[in-house]
Amino acid sequence: MKQKKIALIPATEPVDRADPSSGVLVRKALAGLKKRVAGYDATERKTTYEPAADGQQSVKSEIATTKHYPPDLNAIEFVLTNLDPQRWSAKPVATTGETPSERATPDLSQLSDRALRELLDVCPEISATP
């Protein structure tokens, strides 16, 4: 399966100059978050051993399985609420009196065309409704 590309790393990343590893950690954290937002495939290997005649272990079989991990909704919510807090909030806003469970669908009308395309790329099961 082809990976979708999402730009999560800001152009100017804040780095603590006193700690040279901080930039590496930030990049690793953002790369992990990107995987969780977009979903990914991972190969798992299961190896079975058997005793050999000389007392050592020898490989009896090895099975490789590709497992798909779908996008994580908690990671998506984290990214939206932290990168665009003006439009996305984890807490319901009391202006309409509605609770999140009373709303049938989220209001995506304020998203830019680019943001909508990225959402559709990451979650193709989301479709536009009339």
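The model is predicted, so local features need pLDDT of at least 70 and side-chain atom pairs count only at pLDDT 80 or more, while totals for chains, interfaces and linings use all residues. Residues are numbered from 1 along each chain as its sequence is written, and side-chain values use heavy atoms, with hydrogens and water left out.

Start with the chain. Three helices and two strands make it up. Helices (H or I, at least four residues) and strands (E, at least two) are DSSP runs, numbered from the N terminus. Read from that end, the order is α-β-β-α-α. The accessible surface (Shrake-Rupley method, 1.4 Å probe) is about 10,700 Å², with 55% belonging to carbon and sulfur atoms. Of the 130 residues, 15% are buried. Buried means under 20% relative accessible area, with a 1.4 Å probe and protein chains only.

Now helix α2. At its start, a side-chain oxygen of Asp72 comes to within 3.1 Å of the backbone nitrogen of Asn74. The buried residues of α2 are Ala75, Ile76, Val79 and Thr81.

Why is Thr81 counted as buried? Thr81 counts as buried because its relative accessibility is 18%. A polar atom of the Thr81 side chain lies 2.8 Å from the backbone oxygen of Glu77. Leaving aside neighbours within four places in sequence, Thr81 is in contact (heavy atoms within 4.5 Å) with Trp88, Ser89 and Ala90.

How values were computed. Buried < 20%, exposed > 50% of the residue type's maximum accessible area, 1.4 Å probe, protein only. Polar contact = N/O pair within 3.5 Å; in protein donor to acceptor, adjacent residues only side chain to side chain.
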